[in-house]
Amino acid sequence: KAGAIERPPLLPIGTYSAIVSKVPTMETIGDGKWDTLDFMLRLQTPQDDVDPEALKEYGGLGQQSVLRHRFMFNKEDEAAFNRTLFNLKRFLLDHLKIEGSDETQLNELINNSVNHSCNVFVQWRPDKNDAEVIYAEIKKTAPLE
C-alpha cells in the first residue's frame, strides 16, 4: 500500500574520502548562458564526523554512493567565470593532486582526474520549490590528509 512507503534515509552529513569514478562531462545549459563540468565522485570511506548508525540506516557506501561535483561557468559574467576557473584549477591540482604544472592544459588535467581522490564534505539542501524534498550534496572538497 502507498501509505506503507516511507522516505528512505539520506546519506549522512559529514566528511568522506571520494574518488573520481569516470571522465568528467561538460554540457551547455540555460539557453547557452552556462557551461557545466560534472565530476562523479564515488564515496569511499566515512570520516569520524559521519554518524555510523545513520550510515548503516542509509545502507552503507555501495555503488549508489556517487555524488556529482559541478562547476558552473557563467559565460555572461567574466569575473564569475574566472572565479569558477580558479576553483576548478584548485580542485584539480590542490585537492585531487593531479600531476601537472602551470603549462599543463586544463583538458589534460580534467581527463587525468579519473581514479584520483580527495575528501568531500556532504551537506543536506532542501529543494527550493519543495522544502520537504532534501538532497545530499557536496558542499566542499579538500585534499586527503
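Which residue in the turn of the S2 and S3 hairpin has a positive phi, and how many residues lie between the two strands? I took this as my opening entry.

**Entry 1. Conventions.** I noted that the model is predicted, that local features need pLDDT of at least 70 and side-chain atom pairs pLDDT 80 or more, while totals for chains, interfaces and linings use all residues. Residues are numbered from 1 along each chain as its sequence is written, and side-chain values use heavy atoms, with hydrogens and water left out.

**Entry 2. The hairpin.** I looked up the turn: four residues separate S2 and S3, and Gly 30 has a positive phi of about 60°. Strands here are DSSP runs of E with at least two residues, helices are runs of H or I with at least four residues, and both are numbered from the N terminus. Strand S2 covers residues 25-29 and strand S3 residues 34-46; they run antiparallel and are joined by five bridges. Two strands count as paired if DSSP finds at least two bridges between them. I recorded one partner: Met 26 is bridged to Leu 37 in S3.

Entry 3. Most residues other than glycine have a negative phi. I therefore checked Asp 31, which counts as exposed at 87% relative accessibility. Its phi is near 55°, a positive value, and Asp 31 sits in the loop between S2 and S3. For accessibility I used these classes: buried is under 20% relative accessible area, exposed is over 50%, and partly exposed is in between, with a 1.4 Å probe and protein chains only. Lys 97 also has a positive phi, of about 60°. Lys 97 lies in the loop between H2 and helix H3 (106-111) and is exposed at 51%.

**Entry 4. Salt bridges.** I counted a salt bridge where a side-chain nitrogen of Lys or Arg is within 4 Å of a carboxyl oxygen of Asp or Glu.

Lys 75 and Asp 35 meet at 3.4 Å, N to O. This pair links distant parts of the chain, 40 residues apart: Lys 75 is in the loop between strand S4 (66-74) and helix H2 (78-95), and Asp 35 is in strand S3. Lys 75 is partly exposed at 41%, whereas Asp 35 is buried at 15%.

Asp 38 and Arg 70 form a salt bridge with their closest N and O atoms 2.7 Å apart. Asp 38 belongs to S3 and Arg 70 to S4, so the pair ties together parts 32 residues apart in sequence. Asp 38 is buried at 7%, and Arg 70 is partly exposed at 27%. I also found that a network of salt bridges links Glu 27, Asp 38 and Arg 70.

Glu 137 and Arg 125 meet at 2.8 Å, N to O. Glu 137 is in strand S6 (residues 134-142) and Arg 125 in strand S5, so this pair ties together parts 12 residues apart in sequence. Glu 137 is partly exposed at 21%, as is Arg 125 at 33%.

**Entry 5. A surface patch.** Which residues form a nonpolar patch on the surface? I found Ile 13, Trp 124 and Ile 134, with about 250 Å² of accessible area together. Patch members have over 30% relative accessible area and no salt bridge; nonpolar side chains (Val, Leu, Ile, Met, Phe, Trp, Tyr) are joined within 5 Å, like charges within 9 Å. Areas come from the Shrake-Rupley method with a 1.4 Å probe, and for residues only the protein chains shown count as cover. Trp 124 is placed in strand S5 (residues 117-126) and is partly exposed at 40%.
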